[in-house]
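Subject: Structure handover

Hi,

Here is the structure I promised to pass on.

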Amino acid sequence: MASSAYTLLSFTFYTFFLSSGSYKAEARRFKDVSSLVSKGLFDSIFLHKDNNACPAKDFYTYNSFIQASRSFPRFGRTGSSMKRKREIAAFLAQISHETTGGWPTAPDGPFAWGLCFKEEVSPQGNYCNSSNTRWPCSPGKSYKGRGPIQLSWNYNYGPAGKALGFDGLNNPDIVSNNSLIAFKTALWFWMTKQSPKPSCHNVMIGKYKPTATGVAANRTAGYGLVTNIINGGLECGIPNDARVNDRIGFFQRYAALFNVSTGPNLDCKNQKPFT
């Protein structure tokens, strides 16, 4: 997401709660993401995350991922088994692209090297938007990309910290120093609606309903729309974009490991970015 920082909008604070009897019944049925993602599957997805060449070696643990997911009870627990697995696969694919250490001839292929990095390499500035007075920058702090989703900019660190219980403006480094908080920031981004963008979660579970503007912009539901949400300003509306193809490659590999289809509309080449 560090690469997409130029296109991100301020997040709308979003509270997660069990709001209906039907959802509570569903939550009781599907108690934990670990029922769909075993440690063995997690390790087979992230074959090289703990390689000595990866700066994030031993940082992104299975236990931290599972524990973080419990703070977001709708993640991976909404809809049919296929929808739940597909959402998890999509999430893991997107964070893999953001943190990849892979290359075309890498051992086990380029899509086996997700979660290799925990912070942005050679950031272009400190990602402080001084015009955003709601989430003012702390002097001397850098809001570069950190964690699985590469959280970036003061106007993202501030609300993420408020929602998750850490001081994102004064202590942004915690996202690359605390594995649990790192995964929570990625899931928070995934689950949180960013007006006018829908949440990635709602797109992947089929609850996204395009507005008239969305229809005109060809923002069709699918994995490609998730990419548009994350980094559309730099990657969407471009035929055969290498970054989009990388995101798709991760998703295709992970969906196969979950034994689910990817669904339609994998790319965003015909979509207009959100503004």
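**Charges over rings**

Arginine 219 has its charged end over the ring of phenylalanine 274, 4.1 Å from the ring's centre. I count a charge as sitting over a ring if NZ of Lys or CZ of Arg is within 6 Å of the ring centre and within 35 degrees of the ring normal. Lysine 118 also lies over a ring face, that of phenylalanine 59, at 4.8 Å from the centre.

Before you go further: this is a predicted model, where local features need pLDDT of at least 70 and side-chain atom pairs count only at pLDDT 80 or more, while totals for chains, interfaces and linings use all residues. Residues are numbered from 1 along each chain as its sequence is written, and side-chain values use heavy atoms, with hydrogens and water left out.

**Aromatic pairs**

The structure holds 17 aromatic pairs. Rings of Phe, Tyr and Trp (its six-membered ring) pair if their centres lie within 6.5 Å; planes under 30 degrees apart count as stacked, over 60 as edge-to-face and the rest as tilted. One of the pairs is phenylalanine 75 with phenylalanine 91, which is edge-to-face because the planes are at 70°, with the centres 5.2 Å apart. Phenylalanine 75 lies in the loop between helix 3 (62-69) and helix 4, and phenylalanine 91 in helix 4, so this pair ties together parts 16 residues apart in sequence. (Helices are DSSP runs of H or I, at least four residues, numbered from the N terminus.) Both phenylalanines are buried, where buried means under 20% relative accessible area, exposed over 50% and partly exposed in between, with a 1.4 Å probe and protein chains only.

Tryptophan 103 and tryptophan 113 make a tilted pair, 5.3 Å centre to centre with 50° between the planes. Both lie in the loop between helix 4 and helix 5, 10 residues apart in sequence. Tryptophan 103 is partly exposed at 39% relative accessibility, whereas tryptophan 113 is buried at 4%.

**The cores**

Which residues touch the most other members of the largest nonpolar core? They are Val37, Phe65, Phe75, Phe91, Leu92, Trp190 and Phe258, out of 67 residues in that core. Helix 6 gives the most to this core, with 9 residues. A nonpolar core here is a set of buried Ala, Val, Leu, Ile, Met, Phe, Trp, Tyr and Cys residues joined through side-chain atoms within 4.5 Å. Phenylalanine 91 touches Phe65, Phe75, Ala186, Leu187 and Trp190, leaving out residues up to four places away in sequence; contact means heavy atoms within 4.5 Å. A second, separate core has 5 residues, among them Ala106, Ala112, Trp113 and Cys116.

Most residues other than glycine have a negative phi, and most peptide bonds are trans. Tyrosine 127 has a positive phi near 55°; tyrosine 127 is in the loop between helix 4 (81-98) and helix 5 (154-164) and is buried, at 4% relative accessible area. Glutamine 150 has a positive phi too, about 55°, and its place is in the loop between helix 4 and helix 5. Buried or exposed? Glutamine 150 is buried, at 4% relative accessibility.

The peptide bond from serine 195 to proline 196 is cis, with omega near 10°. Look for proline 196 in the loop between helix 6 (179-191) and helix 7 (200-204).

Cheers

How values were computed: Helices (H or I, at least four residues) and strands (E, at least two) are DSSP runs, numbered from the N terminus.
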